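Reader: I would like to learn how to read the features of a model like this one. Please give the general idea first and then the case at hand.

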Amino acid sequence: MTTLSEVYRNDPITDHHIIPLDFDSIDEVPESHTWPRFDEPINKIQTNNIKDPLIPVIDLASPNARNLIGQACETWGMFQVINHGVPSELVKNVEYESRRLFALQTHEKRRVLRSADGATGYGVARISPFFDKRMWHEGFTIMGSCADDAKVLWPHDYQRFCDTMDAYQQQMKLLSHRLLLIILEKLDATQEEINWAISTQDSQQALQLNSYPCCPNPSLALGLAPHTDSLLLTLLNQCGISGLEIFVEGSGWSQVQPVEDAFVVNVGDLLHMFSNAKFPLLSHRASVNQSNHRISIAYFHGPPIESRVAPSSKFQKPCFKSLLVKEYLILKAKHFSRALSLIQT
Ligand SMILES: O=C(O)CCC(=O)C(=O)O
Ligand SMILES: [Fe+2]
């Protein structure tokens, strides 16, 4: 069975792109990390007043949650979810362990550098090769067990990190299944399609720990460049520090303010495809700031890599061709944001 790691092995990225900046030793933004923008205003489209946000905040325990989730997927391709049942202690521990990792010295983190043909470990964002400028970001990717890397980082104290990441992945999997079930029912999907999306065997998931160190000049730098997520659904924890921005037609880049105990849920390329483009894809990016070292934790959920993806059988006029999930991911790894247009009918 092919895994996400094997798909990425097809498309190695060069060393230049794999090693993040040594943030400990830098006190200004180098030319390599200076992005040509950014005097544009950033709209704060969402306040902590969760009664009146633009990107809806949905209480999963409320009777109306299903309808609201369906509407949010159709309108935005994004919502925030609260009362989701993930223990807040675990969420705090994941943030704590992630900070423990990124607080290590640069030379220690580089011991678990992602290899050129690998998918897990420490490194820059996978989208880096598609941009001339580099990002104010370092990441650590986990797929399944992270024991091998954790043993290198903390030979005598790795268990806590592994247990926390394992427990969190488990919870994220349950929550993504719960949400996908609601979303697919809203799309009137068949039982077979539901089984495909939330298959307990061979489904693909990745946990991406993102670190955006304090930046001496945030207006020059960018934490993560604009992109869409490739799989079905992403659950993002902003860990209480704003930075996530979405591109809203007509009003430009807009901040998605963190809401306490909420996960940002967003539609990925495969769900956009499955919904026959009924659910929009939101391009998003991450900004950086001067005073807070921001951590975010993204969980990506996808179907088995060898399975086929196509618009749901309910759609009479599919606007995407059917292909294997791994074929799509290989296209995305080569063509990035053009990948979807290559499979339009
Ligand atoms: O850090 C963020 O807010 C965004 C992270 C993200 O988009 C990703 O990891 O795909
Ligand atoms: Fe993303």
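**Loops, helices and strands**

Author: Pro-87 lies in the loop between strand 3 (78-82) and helix 4. Helices (H or I, at least four residues) and strands (E, at least two) are DSSP runs, numbered from the N terminus. This is a predicted model, in which local features need pLDDT of at least 70, side-chain atom pairs count only at pLDDT 80 or more, and totals for chains, interfaces and linings use all residues. Residues are numbered from 1 along each chain as its sequence is written, and chains are lettered from A and ligands numbered from 1 in the order in which they are written.

Reader: Why does Pro-87 count as exposed?

Author: A residue is buried if 20 or more other C-beta atoms lie within 10 Å of its own, exposed if 12 or fewer, and partly exposed in between; C-beta atoms are placed from the backbone. Pro-87 counts as exposed because it has 11 C-beta neighbours inside 10 Å. Its C-alpha atom is separated by 9.4 Å from that of Tyr-168, 81 residues apart from Pro-87 along the chain.

Reader: Where is Asn-83 placed, and what is its phi?

Author: Asn-83 is also in the loop between strand 3 and helix 4. Its phi is near 55°, a positive value in a residue other than glycine. Asn-83 counts as partly exposed because it has 13 C-beta neighbours inside 10 Å. Another such case is Asp-188, with phi near 65°, in the loop between helix 7 and helix 8 (191-197). Asp-188 has 11 C-beta neighbours inside 10 Å, so it counts as exposed.

Reader: How is the span of a helix read, and what does helix 4 reach from its first C-alpha to its last?

Author: The expected span is 1.5 Å times one less than the number of residues. Helix 4 (residues 88-102) has 15 residues and reaches 21 Å from its first C-alpha to its last, close to the 21 Å expected.

Reader: Which residues of helix 4 are buried?

Author: Val-94, Ser-98 and Leu-101 are buried in helix 4. They fall within an arc of 60° seen down the helix axis, so they line one face of helix 4. The arc is that of the directions from the helix axis to the C-beta atoms. On the face turned away from this buried side are the exposed residues Ser-88, Glu-89 and Lys-92.

Reader: What do the buried residues of helix 4 pack against?

Author: Two residues are in contact if their C-beta atoms, placed from the backbone, lie within 7 Å. The buried residues of helix 4 pack against strand 5 (138-142), helix 6 (147-153), helix 7 (159-186), strand 6 and strand 13.

Reader: Which residues are buried in helix 3?

Author: In helix 3 (residues 65-75) they are Ile-69, Ala-72 and Cys-73. Their arc, seen down the axis of helix 3, is within 100°, so they line one face of the helix. Their cover includes strand 2 (57-59), strand 3, helix 7 and strand 11. Just after helix 3, Gly-77 takes a positive phi of about 75°.

Reader: How is strand pairing read, and which way do strand 6 and strand 13 pair, parallel or antiparallel?

Author: Two strands pair if DSSP finds at least two bridges between them. Strand 6 (residues 204-212) and strand 13 pair in the antiparallel sense over 9 bridges, and Gln-205 has His-301 in strand 13 as its bridge partner. Strand 8 (residues 233-237) also pairs with strand 13 in the antiparallel sense, over 5 bridges. There, Leu-233 stands opposite His-301, and Asn-237 has Ile-297 as its bridge partner. Strand 8 is also joined by 4 bridges to strand 11 (residues 263-267), again antiparallel, with Val-267 as the bridge partner of Leu-233.

Reader: How many residues of strand 13 are buried?

Author: Strand 13 (residues 294-302) has 9 of its 9 residues buried, so it is largely enclosed by the rest of the structure. Arg-294, Ser-296, Ala-298, Phe-300 and Gly-302 point one way from strand 13, and Ile-295, Ile-297, Tyr-299 and His-301 the other way. Strand 8 is mostly covered, with 5 of its 5 residues buried.

Reader: Which residues are around ligand 1?

Author: A residue is near a molecule if its C-beta atom, placed from the backbone, lies within 6 Å of it. Those around ligand 1 include Gln-208, Asn-210, Asp-229, His-284, Ala-286, Ser-296 and Ala-298. Strand 6, strand 12 (284-286) and strand 13 are the elements that give two or more residues to this shell.
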